[in-house]
Amino acid sequence: MKGFCLWTTTTRRGRSWVFTLLYPLLGACLWASVFGYKPVIIVHGLFDSSEDFKNLKRFINQSHPGTNVTVIDLFDRSASLEPMWKQVEGFKAAIYPIMQNAEDGVHFICYSQGGLVCRGILSTLSEHNVNTFISLSSPQAGQYGDTDYLKYLFPQFVKSNLYHLCYTGVGQRISICNYWNDPHHRDLYVNSSDYLALLNDERANPNATEWKKNFLKINKLVLIGGPDDGVITPVYFVTICEMVRYLKRRKLFLRDVFGLKTLAARGDLIICSFPGVEHIYWHSNETVFHTCMEKWLE
């Protein structure tokens, strides 16, 4: 961008023509240099790929000209079923160089399953420099519901019996089973979950204190979700944000297991509940972007 921010001399008529063409570009250059927007890193969800986030990238560039936006192109489509820790390590390796080159830090926008991937990165990467973590319709408290995804993946199962698969060694090799949280089989979940139960310190984790400290290095946590999502179910699992009063009664909050209560006390927990949006449209809905994300990406 800097290479285009040039001062051009020409004739009066030529100068008018040049300014007409270059004025928007010069404005964008000046805007970016003055405001210095932090790079934005986007992590996709289950069955997505980087191609699905063109609209979100456009929204960011229109709102914050000159922003470096990277949609990480890893674990696309069916590869998104790989175990969560494998995805954390893969995304971490791709993201870390971007962090190192961002002196003032970066922002995360992490969608659906990607929100849990990003939580794993933030918890286990002590030297991260993430300023704002936007968790976009992500099952941060786990998933439990009959959805189209479930019927497609496991047609022989419904939510009431999926624990027979998920809480086994074989099941834990599938990403969704790593955060399947069946409230009717709590002991099995705690003892079998290789990912979410560890992140939530629901299962003995010697790294829990360090992981919480790492996570709390973020400046803002923005939880975005809504009652009409249709995929992340039940409603109060949608980004742990659907009812503030309910959230503050949950053990995840009361025990401050990974820092929610601390963030709230700091004034750094932002909740944006948005009705009327189905799961697959969160990242392409411009109103959601302007209402819930735009101001946190500066």
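What is the order of the strands in the open sheet, and with which pairing?

Modeller: This is a predicted model, in which local features need pLDDT of at least 70 and side-chain atom pairs count only at pLDDT 80 or more, while totals for chains, interfaces and linings use all residues. Residues are numbered from 1 along each chain as its sequence is written, and side-chain values use heavy atoms, with hydrogens and water left out.

The open sheet has 6 strands in the order β2-β1-β3-β4-β5-β6, with parallel pairing. Strands (E, at least two residues) and helices (H or I, at least four) are DSSP runs numbered from the N terminus, and two strands pair if DSSP finds at least two bridges between them. At the edges stand β2 (69-71) and β6 (269-273), each of which pairs on one side only. From one strand to the next, the twist averages 15°; axes are lines fitted to C-alpha atoms, for helices over the stretch in contact, and angles run from 0 to 180 degrees between N-to-C directions. Strand β5 (residues 220-225) pairs with β6 in the parallel sense over 5 bridges, and glycine 225 stands opposite serine 273 in β6.

Helix α4 packs on this sheet, touching β1 (40-43), β3 (106-111) and β4 (130-136), and its direction makes about 140° with that of β3. Contact here means heavy atoms within 4.5 Å. The helix covers residues 113-124 and reaches 17 Å from its first C-alpha to its last, close to the 16 Å expected at 1.5 Å a residue; the expected span is 1.5 Å times one less than the number of residues. Of the 12 residues of α4, 11 are buried, among them Leu116, Val117, Ile121 and Leu122. Buried means under 20% relative accessible area, exposed over 50%, and partly exposed in between (1.4 Å probe, protein chains only).

Arginine 266 forms a salt bridge with aspartate 268, the closest N and O atoms being 2.8 Å apart. A salt bridge is a side-chain nitrogen of Lys or Arg within 4 Å of a carboxyl oxygen of Asp or Glu. Salt bridges that share partners join Lys220, Arg266 and Asp268 into one network. Arginine 266 counts as partly exposed because its relative accessibility is 37%, whereas aspartate 268, at 12%, is buried.

As for confidence, pLDDT (the predictor's confidence in each residue, from 0 to 100) has a mean of 86 over the protein. It stays under 50 over residues 234-243. Where pLDDT is low, the predicted coordinates should not be read in detail.
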